[in-house]
Structure formats: structure tokens, C-alpha cells
Amino acid sequence: AALREGYERFDPRAYLRNNYLPPRADFSSEEFVVPWKLRCLAETFASGEIRGRTLIDVGSGPTIYQLLSACDHFEEIVATDYLAVNREELGRWVRGEPGAFDWSPFIQHVCKIEGRGEPWQDKEQRLRDRLQRILPIDVHRPDPLGAPLCPPADALLSAFCLEAVSPDRAAFARALAHVGSLLRPGGHALLLGALGESFYVAGPARLPVVPLAEADVRAALAAAGFALRELRSYEMPPALRTGVDDVDGVFFAHAQK
């Protein structure tokens with residue numbers, strides 16, 4: 001209940017300014033956090049192993065960067081978020097409305113690291129074409145979407161969601177099991193999340209986060225029936241500790257149901 005109340009004050013634009021503009025969204029070096037996240041995703045999708053009809057993005061927030069490498073490998077991407085304000089922000093970008101957040105530097109960077117010489121506008125349009133459903137979700141319900149996804153998703157992606165909406169590690173592990181139910185057996189799950197973070201701010205909202213260690217991520221994945229394929233971590237450098245959170249680092253996990 002306290003988390004729900006906090007998120008009623010969540011400001012998507014403030015969140016985007018805090019995390020997806022410089023200094024954190026600095027593409028001048030691979031050592032910065034946003035290029036690190038994009039490279040983890042690009043390299044994992046480049047294997048060609050993670051593909052299919054549907055990918056579901058759990059807790060998309062107001063962001064689309066996490067879907068840029070995924071969109072080449074799925075017929076449909078389903079974005080989800082608990083908050084209507086985030087779903088509206090995503091819809092503005094999909095429709096190309098004036099005033100939508102400018103993701104073009106992210107798209108250009110992903111095209112560069114994927115190295116196929118593709119015009120970035122083509123990737124932008126492909127993601128817009130494939131991102132047709134933006135659904136409400138509650139990861140704390142055993143059926144997070146309110147009804148099963150039919151057929152189940154071929155892959156699952158979630159970035160900075162579960163640890164930011166769970167009051168403790170046990171709730172984080174349960175939420176992971178709940179969203180895992182949306183995935184077919186053998187399907188892949190990709191997670192990006194915060195390590196050692198206890199809060200972040202988004203405008204007037206100051207939101208608690210479960211401080212996770214790598215061991216917590218490993219344990220939660222195993223308990224939810226996933227086999228861990230890869231776990232990487234990134235230490236947040238002093239220059240990127242801007243006061244909008246107290247994050248120590250970021251993890252990237254690739255697991256299979």
C-alpha cells in the first residue's frame with residue numbers, strides 16, 4: 001500500500017531527465033552506464049538464440065531503450081506498466097507525437113554497436129510497428145496481466161522494475177515467479193536491475209528499492225524455476241552518482257525457464 005501511494009506521485013518526465021539524459025546517458029564512452037546496458041542487450045540478442053513471436057517487457061516505465069535490440073527478433077513486443085502515466089508516455093512515443101521523449105541518440109548508438117549499417121530511422125519505425133500493445137500489469141498478483149497471455153511469451157524482458165516495486169527480497173522473488181508464469185517453458189528472460197539501491201526519486205516521489213546483491217538475483221531466479229545463463233555487473237562510477245538515487249551498480253541477467 002505504501003509503495004502504491006508513493007507511485008501515485010511518480011513523474012515520468014523527471015525520471016527520464018534523471019536517468020536518460022547526460023550525465024548518465026553519455027555515449028562518448030562505453031564506460032558509462034547507458035552504453036553498458038545497451039551493449040549487454042545487443043550482444044545477447046546478437047546470438048540469434050532469443051527470438052519468436054512475442055516478447056513481453058515487464059514494467060516498461062516510460063522507456064523504450066531496452067527494446068531496441070529485441071525488436072529485430074520478435075513479431076510483436078508487448079509493453080506493460082502499472083502506472084497509466086507511464087503507459088501514456090510510451091503511447092506518445094509510439095505515435096510519434098510532438099513532445100515525446102527523444103530516444104534518437106539511443107537508437108543511433110544501438111545501430112552503431114550492432115554494426116549492420118542500418119539507418120537508425122528504420123529501427124525506430126520497426127520498434128513502433130511492433131510495439132502495438134501497452135498493457136496494465138501488477139507483478140504482485142499471481143496473474144500479473146489479469147488473464148494469461150495466449151500463447152505464452154517466447155521471451156521476457158524487465159528493466160529496473162521488480163526491485164523498485166517490492167518491499168523486501170521475498171516479495172522480489174515472488175514477483176519474479178509471477179512474471180515468469182507469462183513465459184513459455186524454454187523461453188528466455190533478460191533482466192536489468194539495480195544493485196545496492198535503497199531509494200530513487202522521480203519528481204516529488206521518493207521511492208524505496210530493495211537493495212539487491214548478485215546472490216539475491218541468483219537465488220530469486222533459481223526459486224522461480226530459471227536456469228541462469230549469464231550474470232554481468234557494472235559498478236556505478238562516482239561521476240554518475242548524482243543524488244537521484246543511491247545505486248551502487250547495475251546487473252544484467254540472462255536466464256532460461
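Student: Which element gives the most to the lining of the largest pocket?
Tutor: Helix H1 does, with four residues. This is a predicted model, in which local features need pLDDT of at least 70, side-chain atom pairs count only at pLDDT 80 or more, and totals for chains, interfaces and linings use all residues. Residues are numbered from 1 along each chain as its sequence is written, and side-chain values use heavy atoms, without hydrogens and water. Helices are DSSP runs of H or I with at least four residues, and strands are E runs of at least two, numbered from the N terminus.

Student: How many residues line the largest pocket, and which lie nearest its centre?
Tutor: The lining has 43 residues, and Tyr7, Phe160, Cys161, Ala164 and Val165 lie nearest the centre. A pocket is an open set of points on a 1 Å grid where a 1.4 Å probe fits, with protein on both sides within 12 Å along at least five of seven lines; lining residues have an atom within 4 Å of a point.

Student: Turning to helix H8, which residues are buried?
Tutor: In H8 (residues 214–223), Val217, Ala220 and Leu221 are buried, meaning under 20% relative accessible area with a 1.4 Å probe and protein chains only.

Student: Why are they on the same side of H8?
Tutor: Because they cover an arc of only 100 degrees around the axis, taken from the directions from the helix axis to the C-beta atoms.

Student: What is exposed on the other side?
Tutor: Ala215, Ala222 and Ala223 are exposed there, that is, over 50% relative accessible area.

Student: And what comes just after H8?
Tutor: Gly225, which takes a positive phi of about 90 degrees.
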